[in-house]
Amino acid sequence: GAPVLSQHLRTKAKLRGLVGVGAEALLATSTRLLSALLNNRQSADWFQSLGEERAPVPQSLEDEEAQAKKKKKGPKDVDLRKLDRDRKKHAASSLEKSTFFDALVLHIQNALETPAMQPAALQLLRRVLLRNRVLSAAVYQCIDTVGEVMIAGSDKRTAQQCAQIFVDFMLDYPHEHKALQLRMTHLLKNLGYSEEGGRRAVLNCLYLVVLHFPEAELSSKWANLIFVSAAARLPQEPDPTAHQMLHVLLRTLLQRVASSSRDRLLELSLPWAQSPKRALHAALAEC
C-alpha cells in the first residue's frame, strides 16, 4: 500500500486542503515524480534553502491549548489536564523545530517499507539528503534500513542502489570506529544469508568496500576481517554465481592491499592446514 504521511507532512497537507482519501497515494505519486526530476545534476542545490524551513504548529494544537486555558479546572482533574497540556506543548514544540529534511527522512523510512516505492525513496535519499550532508540520527537509522532492504529485497537493481548508498555513506559520513564496525559486521554475518539473492547483494557491497575504501584503512582495519570471512564461506557456498563472486572478492582484496598486508593475509590461512576442522582444510584448498 501507499506510505503513511508523517506528522509534518499531514500538517502541510491539511494547510493545503489535501487531507482526505487519496492523500497518501498523491504523495506516493509526487515522490516518484520528484525522484525523476532529481536526475538533473544540479538538483541537490534546489533543496538547500528548504533545509531551514520550519514546520508550522498545527492549528488544532493551538486551539486546544487556548480552550484549555478558558476551562475551569476541578480539583480532581487538574493534574491530568496539566499533563495533557504539557504533552501537547511538547508535540507542538518538536514539530515546530523540525525541518523539511526531518520530514523527508521520515517519509523515506516509510517508503522503504514498500517495494514499489523503494527506487524513488533511494533516489531522494541519495540526491537530497546525502548530497546536502544532512546530519541527524534519523539519517543513520535510514541507512541501516537501506542495509536491510539490500539483503532482504527481491529486486536486483534496488539491491545495487542500496549497496552503493551504503558504501558511500560509510565513506563520506562521520563514524566512530564501533559504528563502522557494526555496519561492516552486518555485511559479513550475512554472507550466509538464506536466499542466494541476498548473499549476492552482500558480496557486491563488500566488493565496493574493497574497491573504494582507502588502501591504508582497508589494510589496517578491514582486510583481515573480510579475508577470513570470505575464505571461510567459500567451501560452504552452493550458488555458483555467489561462489565465483567470493573468488573475485578475495582476489581483488589481495590486489588492493600493500604487499606486506597481502603476505599477512596469506599467513592467516596457513595454520588452517594443521587444524582438525575439515571446513578449514576446504577453505584453504579453495584459496
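This is a predicted model: local features need pLDDT of at least 70, side-chain atom pairs count only at pLDDT 80 or more; totals for chains, interfaces and linings use all residues.
**Notebook: salt bridges and a helix pair**

I started with Arg-183, which comes out buried at 8% relative accessibility (buried is under 20% relative accessible area, exposed over 50%, partly exposed in between, with a 1.4 Å probe and protein chains only). Residues are numbered from 1 along each chain as its sequence is written, and side-chain values use heavy atoms, with hydrogens and water left out.

**Salt bridges**

I looked up the partner of Arg-183: it forms a salt bridge with Asp-144, with the closest N and O atoms 3.1 Å apart (the rule is a side-chain nitrogen of Lys or Arg within 4 Å of a carboxyl oxygen of Asp or Glu). Arg-183 sits in helix α9 (residues 177-189) and Asp-144 in helix α7, so the pair ties together parts 39 residues apart in sequence. Helices here are DSSP runs (H or I, at least four residues), numbered from the N terminus. Asp-144 is partly exposed, at 34%.

I got a count of five salt bridges by this rule.

Next I checked Arg-199, which pairs with Glu-237 at 2.9 Å between the closest N and O atoms. Arg-199 is in helix α10 and Glu-237 in the loop between α11 (215-233) and α12 (240-256), so this bridge ties together parts 38 residues apart in sequence. Arg-199 is buried at 6%, and Glu-237 is buried at 7%.

Then I took Glu-196 and Arg-200, a salt bridge at 3.6 Å between the closest N and O atoms. They are four residues apart in α10 (residues 196-212), so about one helical turn separates them. Glu-196 is partly exposed at 39%, and so is Arg-200 at 28%. I also found Asp-239 linked with these two in a network of salt bridges.

**α5 against α7**

I moved on to α5 (residues 100-111) and α7 (residues 137-152), which pack at about 15° with axes 10 Å apart. Axes are lines fitted to C-alpha atoms over the stretch in contact, and angles run from 0 to 180 degrees between N-to-C directions. That makes the two helices roughly parallel (under 35 degrees; over 145 is roughly antiparallel, 65 to 115 roughly perpendicular, the rest oblique).

I zoomed in on Val-105 in α5, buried at 1%. Val-105 touches Leu-129, Ala-138 and Val-139, leaving out residues up to four places away in sequence (contact is heavy atoms within 4.5 Å). Val-105 and Cys-142 are 37 residues apart in sequence, with C-alpha atoms 7.3 Å apart.
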